Amino acid sequence: MAGEVLVDALPYIDQGYDEPGIREAVMAMVEEETRRYRPTKNYLEHLPQLSLHQFESEIMKTEFERLQSRLPMEMMSMKRYELPQPPAGKTTDVASWSECVDNSSAQLEHQATRIANLELMARYGAEAWKAYNAALVRMLHQLQRQLQDLRKEIQEVNWQRKTTQTEAGEKLKHLEASWVSLVSKNFEIERACVELEKEIAVLEADYDLKRKALQNQQSQEQSKAASTQDRKDKEQAEKERVDDADQAQVIGETQQVVTEVD
């Protein structure tokens, strides 16, 4: 399928990773690949554009603008903790004094609230911190259990991977041994075929020689038989000629005798 990557490495059974020069050779190959590799497009283009101002508040924006303008930070205002009197020109103004009284009341209430918070912390702070620490301990134990479970899963994956690779390694060794055996047998068969071809060539050459010798012998015998037959025919013809001559002589003598008798 498209997008799949075939990993043909079996680190649990492969050998030679710790040999001298292997790591240097691999790093040189990686550096060469990274030197030649030039991305042709943005590999993050499928992601949405990054919004850098999404989580900025108005205070953060103002502070970033101040930093960008290289302006000094404003000092902390302590006016809320002060109890100023009315200005010199408004010492007889009832509204100004009312504002000062309201400010004093607010400051007093603020201090009273702080004292109440301190008293509450003194009474319940230790227990609250104990409860908070207990919650942290529970969270820690829960996270530790999750970590142990994850480590166990990782260990099981590693064991399963090792078992799978070991089985694959044994199968590969068996297949390699079978391949070597088959290659050896093929080599032996090829060598035997070559030897047989040589023997066949020798036998064919011997057969051709014997066939030619037999043909020559048959030709010689046929020639000898033909010459013998010719000689016999000549002898027979000579004999027949002699017989015919003798017969003619006998007939002539017989006729002569008959003539003389007559």
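Select Asp208 and Arg211: their side chains meet in a salt bridge, 3.7 Å from N to O. A salt bridge here is a side-chain nitrogen of Lys or Arg within 4 Å of a carboxyl oxygen of Asp or Glu. The model is predicted, so local features need pLDDT of at least 70, side-chain atom pairs count only at pLDDT 80 or more, and totals for chains, interfaces and linings use all residues. Residues are numbered from 1 along each chain as its sequence is written, and side-chain values use heavy atoms, with hydrogens and water left out.

Stay with this pair. Asp208 and Arg211 both lie in helix H3, three residues apart, about one turn of the helix. Helices (H or I, at least four residues) and strands (E, at least two) are DSSP runs, numbered from the N terminus. Asp208 is partly exposed at 32% relative accessibility, and Arg211 is partly exposed with a relative accessible area of 32%. The terms are set as follows: buried is under 20% relative accessible area, exposed is over 50%, and partly exposed is in between (1.4 Å probe, protein chains only).

Next, select Lys130 and Glu127. Their side chains form a salt bridge of 3.8 Å, N to O. Both residues, Lys130 and Glu127, lie in helix H3, three residues apart, about one turn of the helix. Lys130 is exposed, with a relative accessible area of 53%, whereas Glu127 is partly exposed at 49%.

Now select Trp129 and Tyr132. How many aromatic pairs does the count come to? The count comes to one aromatic pair. Trp129 and Tyr132 form this pair edge-to-face, at 5.6 Å centre to centre and 85° between the planes. By the rule, rings of Phe, Tyr and Trp (its six-membered ring) pair if their centres lie within 6.5 Å; planes under 30 degrees apart count as stacked, over 60 as edge-to-face and the rest as tilted. Both Trp129 and Tyr132 lie in helix H3, three residues apart. Trp129 is exposed at 54%, and Tyr132 is partly exposed at 45%.

Trp129, Tyr132, Leu136 and Met139 make a nonpolar surface patch of about 450 Å². Patches are made of residues with over 30% relative accessible area and no salt bridge, where like charges are joined within 9 Å and nonpolar side chains (Val, Leu, Ile, Met, Phe, Trp, Tyr) within 5 Å. Accessible areas come from the Shrake-Rupley method with a 1.4 Å probe, and for residues only the protein chains shown count as cover. Leu136 is found in helix H3 (residues 94–261) and is partly exposed, at 37%.

Move to helix H1 and select Glu32 and Arg36. Their side chains meet in a salt bridge of 3.4 Å, N to O. Glu32 and Arg36 are about one helical turn apart because they are four residues apart in helix H1. Glu32 is partly exposed at 31%, and Arg36 is exposed at 53%. The salt bridge count comes to eight.

Last, select Glu56, in the loop between helix H1 (22–36) and helix H2 (58–68). Is Glu56 buried or exposed? Glu56 is buried yet has no salt bridge; Lys61, the nearest side chain of opposite charge, is 5.5 Å away. Lys and Arg count as positive and Asp and Glu as negative, while His and the chain ends are not counted. Leaving aside neighbours within four places in sequence, Glu56 is in contact (heavy atoms within 4.5 Å) with Lys61 and Phe64.
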